Amino acid sequence: MPGNIYNPPLTPRTRLERLLRERELRKLNNCLNEGEAEFLGETISSDGESSSFLNEEQHSEIMSRSSNDACERSDGRVSKQRLLVVANRLPVSAIRLGEDSWQLDISIGGLVSALLGVKQYETIWIGWAGVSVHDDIGQRTLTTALADKRCIPVFLDEEIVQQYYNGYCNNILWPLFHYLGSPQEDRLATTRTFQSQFDAYKEANKMFANVVHEHYQEGDVVWCHDYHLMFLPKYLKERNKKMKVGWFLHTPFPSSEIHRTLPSRSELLKSVLTADLVGFHTYDYARHFVSACTRILGLEGTPEGVEDEQGKLTRVAAFPIGIDSNRFIQALELPQVQDHMKELVARFSGRKLMLGVDRLDMIKGIPQKILAFEKFLEENPKWRDKVVLVQIAVPTRTDVPEYQKLTSQVHEIVGRINGKYGTFTAVPIHHLDRSLDFHELCALYAVTDVALVTSLRDGMNLVSYEFVACQASKKGVLILSEFAGAAQSLGSGAILVNPWNVTEVASSIGKALDMPAEEREKRHHQNFTHVTTHTSKEWAATFISELNDTIVEAHLRTTHVPPVLPFKTAVDHYFKCNNRLLILGFNTTLTEPVDVRARKDSQIKEMELNLRPVFREPLKKLCDDPKTTIIILSGSDRSVLDKNFSNYNLWLAAENGMFLRSTAGEWMTTMPECLNMDWVDSVKHVFRYFTERTPRSHFEFRETSLKWNYKYADLVFGRLQARDLLQHLWTGPISNAPVEVVQGSQSVEVRPVGFSKAAVIDRILGEIVHSEGMKEPVDYVLCIGHFLMKDEDIYTFFEPELPPEPPAVPNPVKTSASKSSLSNEGESKAAFRIEGSLRTLERCMTRPAKAPGAPRPLTLETTPSFHESYSAVLDLEGDNYFSCAVGRQQSKARYVLGSSDVAVLLWQLAGLSPPNWTDCQNSST
């Protein structure tokens, strides 16, 4: 069956305009489908089941209506875009009745109801059905039965479920994400079994990925859910980089200091970052995630998300989930709900009703809530027979000892309080260890005066939303924990409390009970407006819309990224030319690779700056080739270059061109006699001061420049320190000095103004012409480096004004001329941009006396600028010039190149077969 290709219409220019237009289209679509929406609302709200279940007939009717709608719209023209929702559990629980028969119970939780309202997509669910099936007949028949519900099963065996779900997910990730430490007696056991559980977690994610790929069609959107599937985006993108993948976390994401205690911290973060869009309930959770990526992986956090070293941006945003508010509002009009409400009003007549609805879980703060209520009764005797707390505690994980202990603890506290403040006819706390059906729950919400939510840590907590939706008449007060995600959405109308502060919660109970009607109405109106506008349907539609737009934005970004260097073309042109010039950066390009993300032991390794052994053989052969001239550019001092390149026949440029030499000669300086260096000592004092204040930072003192580096420091603190350092520099040591400040990604460099890597190329070529002569003009230039943006003028130094397009690579260079206009060789000669700053320096140069041991000065009289004689030594056609940025995607260079591919290219240029030739060749294609 052919895939459904989603072809979005022409989009507005900016991302905000696109999203606003998409929202307006959704509103219009909702108005057009109002009749259908009313039907769905009646179907869901009028059933006789609990809030957690729909019967099969109702579910089938909803699904068939959606399917028929999709067919009618796709018949003849355009089909709906498919949405693959991948979650640990399907919205269906399967019970095996026989060898080939199944009973399917349909669950309608928050995510299911949210996606029922997203009608512009054909939704397909992928997940585990909650049962292990080993035989082929069972798997085949269950797959067929689930297909009618638009569900696709992932079959997990008992061992995988035990290790992956009960082990890694529930015993490691869930407690960590909710700031719950493991009990002391369990920590050693968890440490011992961690690796096997982590392996099972990855294996389960691979099984999910296999099922997704089996059913994926081009143009589908894949939406992965929750901490169970943090490796899924990685496995999906490894097979298909063009797949649209979003990932959403339904729990809190902890601070980086908590997350870094996880042994698999880096792998999980890297896997999630392969998704196109990463979503959280609140900004705090999103901020914690970005901070973890910055502090643990060393990546750059931006307002849009996280950007890696290659320039790939993973968008990170907050998408607060909501509820189907209409379902609750309409339920209040049903006769059975009205009957329940009358019963409750009569039952608690003359008493204020307080309500708590929670799972009996560690994070819900039920003991803290009950103790706060006890504190309130103790301090307010007048309320003891006028208020009652109804606590619904839904049992969960009853087989886990910690939960059994929690249950006993809650029962003990409730019994003690009821025994202390209760009477023969009434008790202050009604505690129920069970769930209520939907109609009973709506009635209880509607007659409640104060709802009490005291979660110790909660991803969102939609009980608060449900309470507000049912309070149109009563206008009760919501007391809400500040540690629940809902506090960021409902905080303006609720009373926010710290559940750990029993005294504060008790005081808030008194405030809520005594609150004037006018204030209650204002608070309710604020929250009711939010709950009815930020619904679950709007949440799902917004996430999918932003995911689609993120793909559009990523495409717009990649259109400005230079293409990858065409290896074959570059090598073929190299061998056809007679006088080749290779310009190579040193740091990062030729040095040992350093894993900055590891952030442990790479600092010393990087500071040594050694030539990688893989470059030695090809570099030696290239240097011995009389047709090839090699120039090494570096910001490092002369001793570093001498140590690494003394045995090679090439040219060296140290400290950004302040010092030059051929390895066959002595060092020369381009530094003019009139250069003012009085600023050095004061800048050195500032750099030393900030180095002492910033752990793991360091500064390099060179002969003509200073550089402060905080790459290995805490990046957030480092950025603050760098900002402070710049303020000290500009207001003090360099306020009137002839220097420039160059800011790298995690560094600050101060150097004399006017010196750049492009200027040094001009001087070296002039020196070559002056001292060695040149038999043939340069007809091939290859420039490779990982340069700062300030130094990327080197890429445009040789850029011809009218270059032809290189073959096999679309639009690598901006040009205003056609290919036919460049057919004549004379018209393809390069014209150069004269560097004004270099001319300024040349006018300052005189012929100083050479001090013993000092580098020989280059002067205007002894070494003419290369620009003055370029016509005699340059015959460079546009398609013989290759500039490559290493490890960057945003660059002025014509092409980009991976750091590992530099070695492959040099081995090919040297005519040698590199080690592991097959692997290297694959990495360069």
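**Aromatic pairs and charges over rings**

Tyr168 and Phe194 are both buried (under 20% relative accessible area, with exposed over 50% and partly exposed in between; 1.4 Å probe, protein chains only). This is a predicted model, where local features need pLDDT of at least 70, side-chain atom pairs count only at pLDDT 80 or more, and totals for chains, interfaces and linings use all residues. Residues are numbered from 1 along each chain as its sequence is written, and side-chain values use heavy atoms, leaving out hydrogens and water.

**View 1. Tyr780 and Phe882 form a tilted pair.** The ring centres are 5.7 Å apart and the planes stand at 40°, so the pair counts as tilted. Rings of Phe, Tyr and Trp (its six-membered ring) pair if their centres lie within 6.5 Å; planes under 30 degrees apart are stacked, over 60 edge-to-face, the rest tilted. Tyr780 sits in strand 28 (residues 780–785) and Phe882 in strand 30 (residues 881–886), so the pair ties together parts 102 residues apart in sequence. Strands are DSSP runs (E, at least two residues), as are helices (H or I, at least four), numbered from the N terminus. Both Tyr780 and Phe882 are buried.

**View 2. Seven residues form one aromatic cluster.** Its members are Tyr164, Tyr168, Phe194, Phe198, Tyr201, Phe231 and Tyr235. The whole structure holds 34 aromatic pairs. In one, Tyr168 and Phe194 have ring centres 5.7 Å apart and planes at 55°, so this pair is tilted.

**View 3. Arg457 lies over the face of Tyr179.** The distance to the ring centre is 3.9 Å. A charge sits over a ring if NZ of Lys or CZ of Arg is within 6 Å of the ring centre and within 35 degrees of the ring normal.
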